[in-house]
Amino acid sequence: MLFCYINDGHPPEKPSIMIKNAARWALSFLCVVWFPGADAAPVVPVGNVTSAELHGQSVKLRTDNGYAELSLYGPSILRVRVARAPLGRDFSYAVVAKPEPAGASLTQDADQIMLKTSALTARVSKHPFAVRVYDAAGKLLTQDEPGLGISWIGDEVTNYKSLQEGERFIGLGEKTGNLDRRGSAYTNWNTDAFRYVEGTDPLYATIPFYMGVHHGAVYGIFLDNSHRTDFNFGASNRRFSSFTAHGGEMNYYVFAAPSVAGILRDYSALTGRMPLPPLWSLGYQQNRYSYMSETDVLRIAHTLREKRLPADGITLDIHYMDAFKVFTWNKERYPDPARLTRQLADLGLKLTVIVDPGVKEEPGYSTYDSGKQADAFVKYADGSAYSGEVWPGWCNFPDFTAPRARAWWAGQAATYAKAGVAGLWNDMNEISTWGQAMPGNLVFDFDGQPTTHQEARNVYALNMTRASYEGMKQATGQRPFLLTRSGFAGSQRYSALWTGDNQAYDEHMLLGVRLLNSLGLSGMPFVGMDIGGFMGVPTQGLYARWMQIGAFSPYFRNHSAYDSKASEPWTFGEDVLNVSRAYIDLRYRLLPYLYSSFREANASGLPVMRSLAIDYTHDDHVYQGAYQNEYMFGPAFLVLPFESTRDAGKAWFPPGQWYSLYDDAPQPGGTEKLIELSPERLPVYVKGGSIVPMQSLVQSTSERPADTLVLHIWRGDTPSSYRYYEDDGASFAHEQGAYFERTISVDPAARRIDFGAAAGSFRSKFGKVEVVLHGFGATSFGPVHAYRVLGADGKEEVQVSTKTVAHDGKAFSIRF
């Protein structure tokens, strides 16, 4: 009792003081019950800095109650690590980049440490430890909240940041709610969120990365911790935003690039960028839970062709398997998978099949037997394999955090490739089991540092898709297509992601748009939702509108549950079929533009489907409820999604010049407008200055388009440029330089279009280019008027009066 800490966290100077003061005795007694020492206090702050060592572009610190390290990963990326114990192994499934020279200066005095680069300044207060980050101009971006900072409650660690005046928060991956997350709180714990609705949290995937926007500035924060995490953006308080991990280190990165696009470049460089997908995966995909036999599949395939519906893929759900056992085929329903994939290939279609992680406990089942032999399954602490019930019955689950299990799974996945399967759909990988309460005491390898389910769950799907990707790549030598339901930061390196089991009503369609936009703001460019809704039966109007939006989504898949109406476009009547065909046709004409947009995502991390918060970050209209669903599809198209039941809707046109995609009607920017809505047309506008390459209509990407690339150019007020890209769409040869890439620029004042010299060794599939101008007026040339072609030196080479000029690798210009 005499040596008890009182509730202020400090021991009394002399025991005699406690003896002489009865009131203090009483207080000390309470302290024995509730606060028996500083280490057991309910909230333990990180405390003051007691020592600091500066090394190159990092600093290591000791504090009253912990250890810390700050390091620079480049001029605009600061990393902060804080823990109660000395910092342990530096390991991450999300981060793949290594620190780069930052050109930093590090200094310290009695009160603070300063890390300074050309892009940011970090000031670390010593009394107590606290971090403030400023941009290159000295504007405060983010700071630890005075009096709170970083602290622990048991194993739970939280960083509290001061809530800035007018601050908005965007991103955080697959989260419902508004574009601006201010006033909301979220949890990251990968969850099978069956029948999720607006407000459901958490969902399937975890991406603990967000951006803060205030006072004309923007910053990003990525919490690299795979335990359950919580984010509070001023919910139930007006003092702070915060992020909490339920175990492990406080380990986060601050990004200080001057724009959302710059932060996405830095974040995607840190966690890895999306590889170029196979071209066929950008085409229309038809799915159903389930096509029950190869007869059903071939009927669907032939109907797609008979009705002139362009398509590139058919996807099989779980009923293709023998009793739902992964890596098997039901031989009655699918007697010869290799023959089926060949028949589909003759029709220009690829086959994708679902794979679940649960491996049925069944001796004699080769996948189960080989998994046991490879010691591939998750275990309890006593060494016995964990059993959980899912579709096949009682199952074991591969420990994808173990290299041996990933290698084993990759070998199993190769069996699909041998049958001609082109894509793997990774489902149920949250991990989902009946009861949805997987025990916390399961042990995972975690690449040589064993841990529990508590730390491994959120990265389980990331490592499953990693193993699936590597298996398909090794087996085929071609780019695999992978789809996943669950994931973590870094999943973009292996897989596309779809938003799970959505529902067939208008609000869910628009919720899906926001989910896709948020995923794009969080480093996942290749995303989609089940067109038409997985559960329930859409109306004809809703189905048509959803197909229109799907054509302007990165991943375009139609899907519905077994107990709902069949979801093929022809099942909703001739009018809906015609609308669906028109927008699928448009999608295929836009493939050169779409593929170039995916190349931009691959090169820079910018998503294909872009919330207006990327290009118009500080425009208040972007965050208003009436406009928050609007998005850009690539750099050119402004898409305005509305419910199918409305005949009019409010639209916001950001600053600039805009044109209707359908009739070139001009629309000035910086304006709000009530627009008429039609079931036949999704409102889509083109940004002035846009350059959009298009091709002739094909029925699948296996069909070669006509020789002429049609280049559509919409008049803008200032010069603009576009990076056009091509490769073979299937192999990895582009990584060795087998691509065709050129910059196309337009100067409307000089009435000149410049075609830069092509880079790469790939020969374009297009031998000619046709230029079509929009919005330039009757006196300007159209596609059939005469114009001059100029060489790279600006001298006239030939007078042209036809529609096309050579689309070779040489630089040239067109004057009009």
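User: Which residues form one aromatic cluster with W409?

Analyst: This is a predicted model, in which local features need pLDDT of at least 70, side-chain atom pairs count only at pLDDT 80 or more, and totals for chains, interfaces and linings use all residues. Residues are numbered from 1 along each chain as its sequence is written, and side-chain values use heavy atoms, with hydrogens and water left out. Rings of Phe, Tyr and Trp (its six-membered ring) pair if their centres lie within 6.5 Å; planes under 30 degrees apart count as stacked, over 60 as edge-to-face and the rest as tilted. The cluster that holds W409 also contains Y320, F327, W329, Y334, Y368, F377, F400, W408, Y416, F444 and Y460.

User: How many aromatic pairs are there by this rule, and why is the pair of F327 and W409 classed as it is?

Analyst: The count comes to 55 aromatic pairs. The ring centres of F327 and W409 are 4.7 Å apart and the planes stand at 65°, so this pair is edge-to-face.

User: Where do F327 and W409 lie, and how many residues apart are they?

Analyst: Helices (H or I, at least four residues) and strands (E, at least two) are DSSP runs, numbered from the N terminus. F327 belongs to the loop between β21 (313-316) and α5 (337-346), and W409 to helix α7 (residues 403-418). The pair thus links distant parts of the chain, with a separation of 82 residues.

User: Is W409 buried or exposed?

Analyst: Buried means under 20% relative accessible area, exposed over 50%, and partly exposed in between (1.4 Å probe, protein chains only). With a relative accessible area of 0%, W409 is buried.

User: What kind of pair do F400 and W409 form?

Analyst: F400 is buried, as is W409. Their ring centres are 5.1 Å apart and their planes are at 85°, so the pair is edge-to-face.

User: Which residue in β5 is the bridge partner of L70?

Analyst: Two strands pair if DSSP finds at least two bridges between them. Strand β4 (residues 67-74) runs antiparallel to β5 and is joined to β5 by seven bridges. A hairpin connects β4 to β5 through two residues. The bridge partner of L70 is V80.

User: Which residues of β5 point the other way from I77, R79, R81 and A83?

Analyst: In a regular strand the side chains alternate between the two faces of the sheet. All seven residues of β5 (residues 77-83) are buried. Opposite to I77, R79, R81 and A83 point L78, V80 and V82.
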